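Hello,

Here is the structure I promised to pass on. Please open it first, then read the notes below.

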Amino acid sequence: MSNIFTSSSENVVNVAFVKWFAPLIKALKDLNGSGTRQEVLQKIIDNEKLSEDDISQTTGKNNNKFATDVSWARDYLVRGGYIDNSVWGRWTLSEAGKTVEMTQELAESIYKRYRKDKFNNSDDVLTDKNIEKVHYWLYSPGNNAEHWEEFYNDGIMAIGWDEIGDLSAYDSKEAMKQAMKNKIDPAPPYTMAGHATWQFVNEMNLGDIIFVKKGTHGIIGRGVVESNYIFDSTRGDFKNIRKVKWTHKGEWKHPERSIVKTLTDVTPYTEYVEKLKALFAEEEVEDENGKEERSYPIYNEAKFLQEVYMDKTQYDILTELIRTKKNVILQGAPGVGKTFVAKRLAYSMMGVMDKERVMMVQFHQSYSYEDFIMGFRPTETGFTLKKGAFYDFCKTAEIDSEKDYFFIIDEINRGNLSKIFGELFMLIENDKRGVELNLLYSDEKFSIPENIYIIGMMNTADRSLAIMDYALRRRFAFFDIKPGFDTEGFRYYKEGLNSTKFNNLINCVEDLNDVIKNDESLGEGFCIGHSYFCNLKEVSDQTLRGIVDYELVPLLKEYWFDEPSKTNNWTNRLRNSIK
């Protein structure tokens, strides 16, 4: 097969999957806009007249390279708004995809724009701030909600400022405000406008809840965010949109006087949010079976393997461990992405990104049974019995027994586990789920539901922590998370950065990891993880030197504090690799 793109932009040409953007769009058009994955792959094979050699190559852990590359192309086109992924098992063109001419320039633009989201955006890749919890937004669809009917019927929410074009092209609020000054009116400061547009593109996330307001005294709808930001050039106006599953439409009296701004993140105001949520508590949307209708982004094994640097065999082992044991600890050195793996693992096993069914806490030396289960807390008039995080989570899961719930504990080995779990120490065992015990502070029977899975994380390189007691070890399975430098995903990440110095540094780190693994005082649990290199917005000499001098070298000094010659040797090798 000939190279579809012959661009002089090497950082695009060197990324194998970009060449499939145009053939993928064409295949879907030939299939009348929609097809299964296998139908689409076969149509591409037919259209491009691919040989057996073209479609039989393998990569990574014996994955089919052709199929993998096309799947990556689809992922980027979903992010670009050209393919709709809302229907499980179908690849479907969006309205924009049906009319687009996938030129070389457009393909390069899509790749460059969304490479940042896929690999270099720390919010999405490792710190994973965007799925930490559901955020709640107050939103006005135009002056006095004049565009509400249109947006509701189209299944979108939209924000103005079409004059400055695609909002994802701006890398800061200041850049957005300056564009408004340049293209609209130089006089206003655009402080609130810049903040709202930035949040709409960069801080709002899939699964967030939207409350629609009219004026300052009325609420007229509720919805769930279903897509990333899309610049829809096919719309006449209001091109800056997100897809929303509108769950409610009507009129409700606002519990307080509303904020005037178009878009406001009200998540920090917990009492206010509870009042807004209470407006809809008695009026849930129901489907034909009488169950509440909710829409969450689909998340499956394939999506997990695209986003997490882990191969399928390891994924299968890990999910089977969780299903059978119910309690698993992910262990590994700092920097291997344990937190990111834990959350994405939960979503892949649930099949959707339902943030309400995933909760995360972090243990520390002061974390107690009272924080975890329940205990007396001081009030203005004395003491009151307060429920803890795990207690509340169990009660929620108990009501929704047909769905899986995941409780994630970061730094699990930093807490006094026997004290924190208390009498529940026995109940977390997989064969004790549903067994009831009296709680310490109340005269009630309590059990851990069978649909709760506990995922803990611990750093194997933290020598300051005591070994976990054997009684707790018996209740958990332990799974090693290893550096993902040799995975398919990281290979594409390297190709996308297109930096010889970055590649040399990674090669040096892999050699260093071999030495660490074979060191009797360290071992595999101390290897350097890939996350040190996964949140790069650029690959400059200064960036690479910063990683080496301020992250890797201090780690080596701690590892080999009694062997300064070894530390100096590897410090020089790391620095020389990026010269």
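This is a predicted model: local features need pLDDT of at least 70, side-chain atom pairs count only at pLDDT 80 or more; totals for chains, interfaces and linings use all residues.

Now look at where T384 sits. It is part of strand 16, which covers residues 383-387. Leave out residues up to four places away in sequence, and T384 touches G375, F376, R377 and T379.

Next, find H147. This residue lies in a loop. Strand 6 (136-139) is on one side of that loop, and helix 9 (148-154) is on the other. H147 has a relative accessible area of 17%, so it is buried. The cut-off for buried is under 20%. What does H147 contact, once neighbours within four places in sequence are set aside? The answer is P141, G142 and F238.

Now the whole chain. It has 579 residues, and 52% of them count as buried. The chain holds 23 helices and 21 strands. Its accessible surface comes to about 26,900 Å². Carbon and sulfur atoms account for 46% of that surface.

One last point concerns contacts along the chain. Take those between residues at least 6 apart in sequence. Of these, 69% join residues at least 24 apart.

Best wishes

Terms used:
Residues are numbered from 1 along each chain as its sequence is written. Side-chain values use heavy atoms; hydrogens and water are left out. Helices (H or I, at least four residues) and strands (E, at least two) are DSSP runs, numbered from the N terminus. Buried means under 20% relative accessible area, exposed over 50%, partly exposed in between (1.4 Å probe, protein chains only). Contact means heavy atoms within 4.5 Å. Accessible areas come from the Shrake-Rupley method with a 1.4 Å probe; for residues, only the protein chains shown count as cover.
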